[in-house]
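Please walk through this structure with the model open beside the text.

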Amino acid sequence: MGFKWIEIKLPTGYSENELKERIAKECGSRDFSWQIETKSLDARKKGNIHWLLKVGVSSNDIRGEEQVIESSLEIPYIKRNKRVVITGSGPAGFFAAYVLQKAGFDTIILERGAEVDKRADGIANFEHTGEFSAVANYSFGEGGAGTFSDGKLTSRSKHISPERDFFIGEYIDAGAPAEIRYMAHPHVGSDHLKQVVKNLRNKYTGLGGEIRFEKRLSDMVVKNGTITESIAVDDTITGDYFIVAPGHSSYETYRMLIRLGVPFRTKGFALGCRAEHLQSEINLAQWGVSSLPGVKAAEYRVTSEGDGKHPVYSFCMCPGGIVVPAATYKHINIVNGMSYYGRDGRFSNAACVAGVHPDEVAGRKVTPLEALEWLENLESSFFDYAEGYMAPFCSISNFLHEKEPHKIPDTSYPLGIAPAPLWKLLPPGVTASLRSGLADFCKKIKGYEKGNLLGLESKTSSPVQVIREKNGLCTGFTNLFMAGEGSGYSGGIVSSAADGIKIAMNLIEAVH
């Protein structure tokens, strides 16, 4: 049996029979098996938009070529009689716990939020009534923030192939679309993710793992650099090792860890707004037509040098998506974006942000605690301006020309929007950079100026980063690890899961 890779161009609305015919032609055989390795849309020329596929083909008629087999994740099982207490059920915390449980450790996950069905009900009630739930919101709960931010699985991280393949395989086995294995920009959709995280939970508990929901980590007991207990609400849990994976929004968790002597430093992050457009306008700008067969909705990714001081870029683009109220606490008003698997909503949205450093926006060198306080105050200021969870907004054109908005446009945001001079609500340096960047975006995407800017987007990453060793161990501690976006070393679902898996594998190697 021989093997070869072939690259194929196909029209956007191709059928499986068309694909098979092209494979047969390329490999000179009709007796073959095949698997798509990668699939991406080439839209560089609007008159010739097509799919690019890399396909692995096996056939007795192929000679002289062999399949390259990549290394896979091997999880050795030994009953280790060691307990690991994991804080956070997002991708980093869950997959760290799952891998450790498979390896023979006794694991417990503490999750400050609710299980996914209760969380979904809480979000629905929030969007209907404006009543915020501390345990059932877009940021906290089973599966982490990613459960309700549509599961984009694109990652720029290098050296995570085995971890990524393991993660993708587990997601597919839990009900995610099989195409996430090969699409250039894989996407699960919030509608699928709710079932995926539930199925993963069942797999984990079936191995003997335990998840305790609505248990916020409030303290830890430290003796000579060794953690002995985690304290969560009315639970005190002893353990041999502790992994904290709280996401990047758990301010009180950061503050508690800093109080215990866990070392942190400030780092660059990003601030801006959500840019919302009619999806039909983005389709026309990117494709030259309002729709394409076989393609859900047009995407965009744009960057600019801004005013030369801070880079400006789009982030977390949600075609056919919804802008959502992503409040992390009752007094905070921030936004995020999500989409369902079908990506068939009327609007599109994406973060439009400027990269900054806490020292720059504060106007002085700040400590990690001061950086957190500054950011929380900014997020609170949007709540105060709107007197609740309405999203302050202005058009992109208004922002560029500093013209006060008056007309209320249609929007996907469920809690209403309030006219606002966003250029005054954001820090001056961020405003200046965004204005230059948005002017560039308007040149790159036809009709971009017709869109609107909504709310404060402040959760692209954390402004602080833990100081840790290569194996994930917090510097100065013997058994405390920090993983995922909350550690400041990863961003997004895939890289966060990979970070948790790597820490778990390092612990497996160290404990026999």
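Strand S14 is joined to strand S17 (residues 347–356) by five bridges, and the two run antiparallel. Two strands pair here if DSSP finds at least two bridges between them. Helices (H or I, at least four residues) and strands (E, at least two) are DSSP runs, numbered from the N terminus. This is a predicted model, in which local features need pLDDT of at least 70 and side-chain atom pairs count only at pLDDT 80 or more, while totals for chains, interfaces and linings use all residues. Residues are numbered from 1 along each chain as its sequence is written, and side-chain values use heavy atoms, with hydrogens and water left out.

Now look at Ser-314. This residue sits in S14, which spans residues 312–318. Its bridge partner in S17 is Cys-352. Is Ser-314 buried or exposed? Ser-314 has a relative accessible area of 12%, so it counts as buried. The cut-offs are these: buried is under 20% relative accessible area, exposed is over 50%, and partly exposed is in between (1.4 Å probe, protein chains only). Leaving out residues up to four places away in sequence, Ser-314 touches Tyr-300, Arg-301, Val-302, Ala-351 and Phe-441. Contact means heavy atoms within 4.5 Å.

Step back to the sheet. Seven strands form an open sheet with mixed pairing, in the order S13-S14-S17-S12-S20-S18-S19. Strand S13 (303–304) and strand S19 (417–419) are the edges; each has a single partner strand, so one side of each lacks a neighbour in the sheet.

Helices come next. Helix H7 (residues 279–287) lies across strand S12 (269–278), S14 and S17, and runs at about 95° to S12. Helix H12 (residues 428–444) packs on the sheet too, touching S12, S13, S14, S17 and strand S20 (452–457). The direction of H12 makes about 135° with that of S17. Axes are lines fitted to C-alpha atoms, for helices over the stretch in contact, and angles run from 0 to 180 degrees between N-to-C directions.

Beyond four places in sequence, Leu-422 touches residues including Cys-273, Phe-399 and Leu-453.

Turn to strand S5 (residues 106–111). Five of its six residues are buried. S5 pairs with strand S4 (residues 83–87) in the parallel sense, over five bridges. Arg-83 stands opposite Asp-106 of S5. From S4 the chain passes through helix H2 (residues 91–102) to S5, a right-handed β-α-β crossover. Right-handed means that, with the strands pointing away from the viewer, the path from the first strand over the helix to the second runs clockwise. S5 also runs parallel to strand S6 (residues 210–213), joined by four bridges. There, Ile-109 has Ile-211 in S6 as its bridge partner.

At 32% relative accessibility, Arg-216 counts as partly exposed. Arg-216 and Glu-111 are 105 residues apart in sequence, yet 6.3 Å apart in space, C-alpha to C-alpha.
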